[in-house]
Amino acid sequence: METEKNKKDDEAEGLGLPRIEAKRYLQGSGVEYVSYGGEHHLPLIMNLVDQELSEPYSIFTYRYFVYLWPQLSFLAFHEGKCVGTVVCKMGEHQNTLRGYIAMLVVLKPYRGRGIATELVTRAIRVMMESGCEEVTLEAEVTNKGALALYGRLGFIRAKRLFRYYLNGVDAFRLKLLFPVQRHTNISR
Amino acid sequence: MAEEKIGDTDVQIPVNPTIPSGDQSVWADVSPLLQLACKDLHDGELIHGENFNLFAAMSALEIMDPKMDSGIVSTYYSVDEAIEKGAAPVPLSFDRTIDIQCTIDIMDHLLACEATWHKGHSLAQTVFSCVYLLRPDRTSSHALLHSYCMVVRATCNALVSAVSDVRTNEEEDLFTLTYGLPLKGDGDEKCLSVLHAIDETISRQLRACKAPSTKRRVLEDIEPLQTNPDLEEGFCKAVLCRLRFRKHFYHVLMCMRRPQGKGFELARKHITSCLSELDSMLKLEEFLRSNNTCGTVRDATEEATTASGCRPIGFDSSLNSRLSAPTPPRAIKLLYWKEAVEYFKKLLNDLQVICSYTLDPVLEVVLRFVVGFQKLHPDLVARAYLQLLLVQDGKLYGRDPVFAVIGKASLLPDVIKNHDLQKNEAVVQLGQLVTNLLRILCTNAAWQRRKLGKILQEWRIIHVQLEMAFKKEFGDTLSTSNDENVAVKICNQILIWVEEQTYWIATRFLTLGFELELYSPSDYCMVYWYIYVILIKLAEKTHVKMMRSNDNGRRKGKKKRDSKDAKDYQIPPAVVLFQCQIYLAEGLVMMLAALRNEYNVFQSLGPFNTEHERFLQHFELLQKACLPDHISYFSFKETTNHARLSTLSMYNCFKDAQRIAKELRITYSNDPEKLNELRRIEQVAEHNVVALNLVCRLGTLDPSLKIYFEFSHHPYFASAVVKRS
Ligand SMILES: CC(C)(COP(=O)(O)OP(=O)(O)OC[C@H]1O[C@@H](n2cnc3c(N)ncnc32)[C@H](O)[C@@H]1OP(=O)(O)O)[C@@H](O)C(=O)NCCC(=O)NCCS
């Protein structure tokens, strides 16, 4: 029932003007995005994730990601302070190269300004350029913010995973499929 | 002695003899090794071995981190230590009133644990957090507690075996993990007779305390349950309803395991008794709360795991934390006692539905029953018992051979039951697909949808295989339709049914997506379009199947009224109902398409891909299985590209759906389920007619108008709502 109520707010469409994408990026307001640059970034990432996500990760979990795919992790800085991060990987999956977004966090006071969107967008772009065919991740079905964010980027909810998290909440597996060069296929 | 080298130092690691060694391994105390390693390693560094990579390192646990180290969160080192430190005394108190109060608390808390277990937590962290359960022999001097523990263990054991027998899915197998817990105490199988004896004793105590004082003398030799005469009646009753609930519940489980639903009648009686005992428990809550041991009368017993509101003695949720390794156990939140009672009521009602089912031999009825049952959102236990009923020994209800079920579903006469065809390899495989389908339909909706998506391909392949097998057996006669050959007819009828069933699965796959919230409003247009396309195929196959079977029947009836039949021919109601749903789906497709085309709403414009990719992703499994043939994103675009609101108002599918639904109501006047569906369809159609009108009239005039879709009338056909913002 609660979802019905939320639907109205989230998913109602105005019939008036065509919707203009209102990207509220912190243009010129001093948020700087950098790719993972080495061991000195590690405590910053760990700190952020520890604060905002419930899953306990050991330092080795972070290492696994940032050592093997440093080009897929990004940090957002505001006035020298790290306020957001995204951590990803990619690899073979059933004969295709697939990207995976493992962690995404933006500090509370900095949310709603497009920082997460920019972080994820950068990571996805690198995945696409590296030849990935799709990107996946899991998100709690109750995480409205993350679901809206990924929905906007073109992710679909491919599957529901029953009680995926230890807290008993279901998850959605989200997937973003990149377009293939169909024309070249047809001409061959 | 194991030897390890760190730097230049050889370290002797003493093998620890107190822990028994396994086949290939011994346990050793690594403290000295770690101590040495600490000098060399800095925080966060790791020893990089050949067979130990960064991926493996992720499974590292940080010792002494309470989020990860299951060892340090334990209150006691072992069950024995817990007992030694007095965590679970027997008796609970030498004051017999307190002893009874505490015993009732334990019973209640166990019920809360049990419900929490059913809801997806491990047995080790819930029911078996009870020290008394873990050491069955310790309670033998306390008859009441002992008997209760016995029946709880026996019940858990019965449930574990039921759920294991249905071989459920990995998502829910936590239920059956017993980690070597003492699930079978000596003598647990006698729990019912033990319970019975105690029930008799307490019943006598209850009678004694209620008897008028003149009669009391006769009963004087009966020792009361506890020492406070004012509370005797209340405590006797509170204990009795708890014991009786357990007894009847155990009976329910036993009855339901009898083959072919033979125990259902008796099970229904026990379910009714269970429900009434639960009600008695609720009625006595007030009494227990106002006479509790802990003194504090909480306002909200809603938030306690016991009726009295007190914390129970003898539980420690961290006791088994080492058992449930390797995943570090988290603290779990138990259901409150009230919630647990509600859970059991729900479970019993679900079981009641199963036990009231008529064991209909017609597959279509079975499928409708299962789908209807799933609408109640039954939990694992109820779903497991349904599956146990449906598929036993590879037969439907353990009674009807699958080939007979297939024959009936294909509308073939009963005489084919023993036809040689059932020995055909492809037909045997088809039988397996049918039982597999029934199993899948009993699983949770999330898992079910994924499985249904996967088996679509198998159903497609079996159709091809059957076709080939039949051809091989009967040659080309298969395609000459007016051949009188019975075997050929059987084959054709089975083939068309396989197609029909495949489209039925596809429909279920698509519609479950709504229940699971997998579609966003910008996907609705293509989803309804796909449902529309599949429903047309489903209707077509059903229609052909029915017509052919009529043909066969008629010919047998020796061409009585040939010419008359042709004139009076009526489309079967089942097909008309599909037609009705097809109109509804089409209406939604066109309405959404027109809104998208004219108002630019419900679009999905991500930076990385297009609607085409979303289409491919949503319908990948259907497309792979060619369901249906020659359907692609471009067919979808072709249908929807030119949709305009102005044309919709002239040709309105919703009105057609409404009209047909009204007409069908007479045909189905004796079928409440179908009537319900018709009523829902009418409501959706009606709302959408109104919404469409509003948008057509005001859309361009009133820019503050907002539109959204909700599922208030039908589980998967959306109703449009138009509002001013
Ligand atoms: C999810 C999270 C990373 C979003 O960070 P953010 O910087 O606020 O996100 P953005 O500003 O880029 O949001 C982009 C879009 O996402 C959607 N969105 C984000 N947060 C939302 C919220 N709380 N409610 C509804 N929509 C939300 C909006 O559509 C938003 O677009 P808009 O601002 O144009 O309306 C942040 O909330 C967070 O750190 N949450 C805790 C950690 C977490 O849940 N991570 C995701 C695990 S999968």
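The dialogue below walks through some features of a predicted model.

Biologist: Before we begin, what should I know about the numbering and the limits of this model?

Modeller: Residues are numbered from 1 along each chain as its sequence is written, while chains are lettered from A and ligands numbered from 1 in the order in which they are written. Because the model is predicted, local features need pLDDT of at least 70 and side-chain atom pairs count only at pLDDT 80 or more, whereas totals for chains, interfaces and linings use all residues, and side-chain values use heavy atoms, with hydrogens and water left out.

Biologist: How much area do chain B and chain A bury between them?

Modeller: The size of an interface is often given as the accessible area lost when the parts come together. Here chain B and chain A bury about 4800 Å², 61% of it on carbon and sulfur atoms, where buried area is the accessible area (1.4 Å probe) that two parts lose on being put together, summed over both. The contact (heavy atoms within 4.5 Å) takes 52 residues from chain B and 50 residues from chain A.

Biologist: How many salt bridges are counted between chain B and chain A?

Modeller: A salt bridge is a side-chain nitrogen of Lys or Arg within 4 Å of a carboxyl oxygen of Asp or Glu, and the count between these two chains is zero.

Biologist: Is helix H14 of chain B largely enclosed or open?

Modeller: A residue is called buried under 20% relative accessible area, exposed over 50%, and partly exposed in between (1.4 Å probe, protein chains only), and helices (H or I, at least four residues) and strands (E, at least two) are DSSP runs, numbered from the N terminus. Eleven of the eleven residues of H14 (residues 380–390) of chain B are buried, so this helix is largely enclosed by the rest of the structure; among them are Arg383(B), Tyr385(B) and Gln387(B).

Biologist: Which residues does Thr507(B) touch?

Modeller: Thr507(B) lies in helix H18 (residues 486–515) of chain B and is buried, with a relative accessible area of 12%. Not counting residues up to four places away in sequence, Thr507(B) touches Ile534(B), Leu535(B) and Leu538(B).
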